[in-house]
Amino acid sequence: MVSIINQLQESAINHFKSCGLVETGYASTREMDKRGLIWVVHKLQVVVDLYPSWNDIVQLSTWVCVCGKNNFRRDWIIHDSKTGEVLIRAICFYALMNKDTRKLSNVDDEIMADITPFLSNCDPIVKEDNSILRKLDVNSKDCIGSHLVTKSCDLDLNQHVSHIISYINWILESAPPMVVKNHWLSAITIKYRKECGIDRKLKSLYVPIRDDNNGDESEEGIKFQHAFFTDECELVRARTVWKPKPT
């Protein structure tokens, strides 16, 4: 999953470069760069219908749409190049943040002027996961927890913990070993609430999401909710779905 999301991020940057939008910085447009603005992800959703096999050739397509007044949505779809079969679909929601004040910024006419010629107008490639993820209780006996400390290798170019390298790895590592052994990750949704820097002590929690059948496997698979906290605030909420591996 981490390799897939790395490819998604790289394709997003290459898309902006091919449009001639990137001047300097981390996929920032010229107007964004002048104002010290950067992209920040506040929600990521990936649905895997089938993982590619070694030496498979795939085709990745991506595009960007406006989503509300101050947000953008990027869609990705990965096909098998030989069969045309859909393998992976993903959507990501972005906002703009001032890299000095760390506050979100409005999208005004000057910024839109750079981006509008390259925007698409279409429905999301995958139905958005609007599941309500409750706040987990760090003291609940139902939650399984672990502790970790953020390091310099966890940071991205914007100097906060990377949603790709770190949070997703931590989520995957926290899953029960028997689930990882007998299942494959078929869907993940991550909602980012606060940014996090270096040398922060985090509490990682997860809890099974119980269905009407008392947590047994449903058609959707085994589901978990995940969360990350500092002493001061909640950083991330996430949801994973695991399906049985073919026998």
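This is a predicted model: local features need pLDDT of at least 70, side-chain atom pairs count only at pLDDT 80 or more; totals for chains, interfaces and linings use all residues.
**Notebook: Ser11 and its chain**

I started at Ser11, whose side chain makes a polar contact with the side chain of Trp76 at 3.0 Å. For polar contacts I count a pair of N or O atoms within 3.5 Å; within protein, one must be able to donate a hydrogen and the other to accept it, and residues adjacent in sequence count only if both atoms are side-chain atoms.

Residues are numbered from 1 along each chain as its sequence is written, and side-chain values use heavy atoms, with hydrogens and water left out.

Next I looked up where Ser11 sits: helix α1, residues 2–18. Helices here are DSSP runs of H or I with at least four residues, strands are E runs of at least two, and both are numbered from the N terminus.

Is Ser11 buried or exposed? Ser11 is buried, because its relative accessible area is 14% (buried means under 20%, exposed over 50%, partly exposed in between, with a 1.4 Å probe and protein chains only).

Then I listed what touches Ser11, skipping neighbours within four places in sequence: Leu60, Thr62 and Trp76. Contact means heavy atoms within 4.5 Å.

Zooming out, I found 5 helices and 11 strands in the protein chain. Buried residues make up 46% of its 247 residues. Of the contacts with a separation of 6 or more, 69% join residues 24 or more positions apart. Last entry: the C-alpha trace spans about 55 × 50 × 30 Å along its principal axes.
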